[in-house]
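Here is a short tour of one protein chain, written for someone who likes to look at the atoms. Have the viewer open and follow along.

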Amino acid sequence: RIQMSIVASSSLLFLILSLLSIVEGFDSHLRPFVGSGRSKVISNMSAATGFIGLGIMGEGMAGRLLSEGVAGTADKPLVVWNRTGSKCTALKEKFPDATIEIKDSAKSVIEACGVTYSMLSTPEAAKAVFDAADGVLAGIGEGRSIVDCATLAEADMQRMNEAVVAKGGRFLEAPVSGSKGPAATGTLIFLCAGDK
């Protein structure tokens, strides 16, 4: 595993793409944005990007993916789920020209996307959504990638990583430092760990 701290000065998009490009396997999903990579390409991998958790931080982060064109087009939809469904609808209303698909579970988001970001508010929420019968882990399959942006205990992140990898997926621990404003402007600090 590698660990690093990165400060975003221009946009969340640049940070996320930079972070994912350093983790083996994530770069194939993002090749159009970060150049060619060495990792194998999974031919049936979706170009859709997932986002789970549209609260105070997640709303701004998902908004950056849309405003920067990483997701939200017909060929690269943003697929979302939130415990409070009205937040998904509000995001769709805020970006009426974007292609945003709302799913009925975290599992459905994971199954529909090659890379999914998760930004849940508390350790309890993260555990509940990860472990639920229709949660994150239930949707993991070969080549699915999770970027968990919550601030969790090291033991929790290691447990989640092991569970995802055991099902053929990839996991990037990427907790953020910042608040609602930096999330919306793309100036969060990511503290990352994952397989090299």
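A cavity here is a set of points on a 1 Å grid where a 1.4 Å probe fits but cannot get out. Please keep in mind that this is a predicted model.

## The enclosed space

How many cavities of 30 Å³ or more does the count come to? By this rule there is one cavity of that volume. The largest cavity holds about 50 Å³ of space. Its lining is made up of P123, A126, K127, L152, D156, R159 and M160. Two or more lining residues come from each of the helices α7 (123–131) and α9 (154–166).

What kinds of residue form this lining? Four of them are nonpolar and three are charged, with no polar residue in the set.

## The chain as a whole

Stepping back, the chain has 196 residues, and 50% of them are buried. Its secondary structure comprises 10 helices and nine strands. If we take the contacts between residues at least 6 apart in sequence, 69% of them join residues at least 24 apart.

## Two nonpolar cores

The largest nonpolar core counts 27 residues. Within it, the residues with the most contacts are F51, M61, L78, V80, L91, V176 and F190. At least two core residues come from each of α4 (56–67), β3 (78–81), α5 (86–94), β5 (115–118) and β9 (189–194). Helix α4 gives the largest share, five residues.

Leaving aside residues up to four places away in sequence, L78 touches T49, F51, A62, L65, L66, A71, G72, L91, T99, I100 and E101. Two of these neighbours, F51 and L91, are also listed with L78 among the residues with the most contacts inside the core. Another core of 23 residues lies apart from this one, and its members include A48, A106, A126 and I146.

## Salt bridges

The structure has five salt bridges. One of them pairs the side chains of R64 and E68, at 3.2 Å from N to O. Is each partner buried or exposed, or in between? R64 counts as buried because its relative accessibility is 12%, under the 20% limit. E68 is partly exposed, with a relative accessible area of 34%.

K107 and E111 form another pair, with an N to O distance of 4.0 Å. Both sit in helix α6 (residues 106–112), four residues apart, which is about one turn of the helix. K107 is partly exposed at 28% relative accessible area, and E111 is partly exposed at 39%.

Where does a salt bridge link two helices? D131 and R159 form a salt bridge whose closest N and O atoms are 3.1 Å apart. D131 belongs to helix α7 and R159 to helix α9, so this pair ties together parts that are 28 residues apart in sequence. Both residues count as partly exposed, D131 at 34% relative accessibility and R159 with a relative accessible area of 31%.

Terms used
Residues numbered from 1 in each chain as written. Predicted model: local features only at pLDDT ≥ 70, side-chain atom pairs only at ≥ 80, totals over all residues. Heavy atoms only, no water. Core = buried A, V, L, I, M, F, W, Y, C linked by side-chain atoms within 4.5 Å. Buried < 20%, exposed > 50% of the residue type's maximum accessible area, 1.4 Å probe, protein only. Contact = heavy atoms within 4.5 Å. 1 Å grid on protein atoms, 1.4 Å probe; cavity = no way out; pocket = protein on both sides within 12 Å on 5 of 7 lines; lining within 4 Å. Points joined across faces, edges and corners; volume = space filled by probe spheres on them. Nonpolar A, V, L, I, M, F, W, Y, C, P; charged D, E, K, R; others polar.
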